[in-house]
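Dear colleague,

I am handing over the structure shown below.

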Amino acid sequence: MKFLKKLLRKNEKPLQQIDRRLNEHNYPSNKRKKGKNELYPQLLQKINRSMPLECSQQYKKLKFANYELSNQTPDNCCFLKNGSCFVIDFIGKKRGETVIVGRQFEKLHSIENYPMDSTLRGIGKAMELSELKVVSAEEIEKKACLFKIGQDICIVPLLHH
């Protein structure tokens, strides 16, 4: 009885309300049916500027379920599925596919005086930026934070998952 009372919102037409609530529960809306990959990544804030490497339609932000990436610091660093760290310079489209254009750090070295090998946790000193590359947004694994300690550039993955 308590379950049925919770389904009612008004005193009018109780049977119709119960029927609607049960149908809502059994058949969720289209937003709930869509998978994670169908909703994200989303392109936000279009910019009318040209892009390098045959890309078009530049955007300012790329939104995922739990975080946003941008083409400006501090939100322009991420880890790719292959484990490499990527610094985003441009966000846009190439042949209809959402892409990021930027530079990849070739090497990630362990931080000295850290109790363990910091690269096991994805934390490290980055060296040797590559040339501009185009990478699909589907290759992004997680957001990272890039900051300087003295002359070194350190990268730390952020826990948004």
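**Overall layout**

From the N terminus on, the elements of the protein run α-α-α-α-β-β-β-β-β-β-β-β-β-β. Please bear in mind that this is a predicted model. In total, the protein has four helices and 10 strands. Of its 161 residues, 33% count as buried. Among contacts between residues at least 6 apart in sequence, 47% join residues at least 24 apart. The protein exposes about 11,200 Å², and carbon and sulfur atoms supply 49% of that area.

In soluble globular proteins, nonpolar side chains tend to be buried together. In the present model, the largest nonpolar core has 15 residues, of which L62, L69, C78, I100 and I140 touch the most other members. The strands β2 (56–63), β4 (77–80) and β5 (85–94) each supply at least two residues of this core. The largest share, three residues, comes from β5.

A second, separate core consists of eight residues, including C77, F79, C85 and A144.

Leaving aside neighbours within four places in sequence, L69 is in contact with K60, K61, L62, F64, D75, C77, C78, I88, I91, I140 and K143. Among these partners is C77, which belongs to the second core.

**The cysteines**

How many disulfides does the structure hold? The structure holds zero disulfides. C77 is in no disulfide, and the nearest cysteine sulfur, that of C85, lies 3.4 Å away.

Is C77 buried or exposed? C77 counts as buried because its relative accessibility is 0%. C154 is likewise buried, with a relative accessible area of 4%.

**A nonpolar patch on the surface**

Nonpolar residues are also found on the outside of the model: M1, F3, L4 and L22 form a nonpolar patch on the surface. Together, these residues have about 440 Å² of accessible area. One of them, F3, is found in helix α1, which covers residues 2–7. F3 counts as exposed because its relative accessibility is 54%, and exposed means over 50%.

With kind regards

Note on methods. Residues are numbered from 1 along each chain as its sequence is written. This is a predicted model: local features need pLDDT of at least 70, side-chain atom pairs count only at pLDDT 80 or more; totals for chains, interfaces and linings use all residues. Side-chain values use heavy atoms; hydrogens and water are left out. Patches are made of residues with over 30% relative accessible area and no salt bridge: like charges are joined within 9 Å, nonpolar side chains (Val, Leu, Ile, Met, Phe, Trp, Tyr) within 5 Å. Accessible areas come from the Shrake-Rupley method with a 1.4 Å probe; for residues, only the protein chains shown count as cover. A salt bridge is a side-chain nitrogen of Lys or Arg within 4 Å of a carboxyl oxygen of Asp or Glu. Buried means under 20% relative accessible area, exposed over 50%, partly exposed in between (1.4 Å probe, protein chains only). A disulfide is a pair of cysteine sulfur atoms within 2.5 Å. A nonpolar core is a set of buried Ala, Val, Leu, Ile, Met, Phe, Trp, Tyr and Cys residues joined through side-chain atoms within 4.5 Å. Contact means heavy atoms within 4.5 Å.
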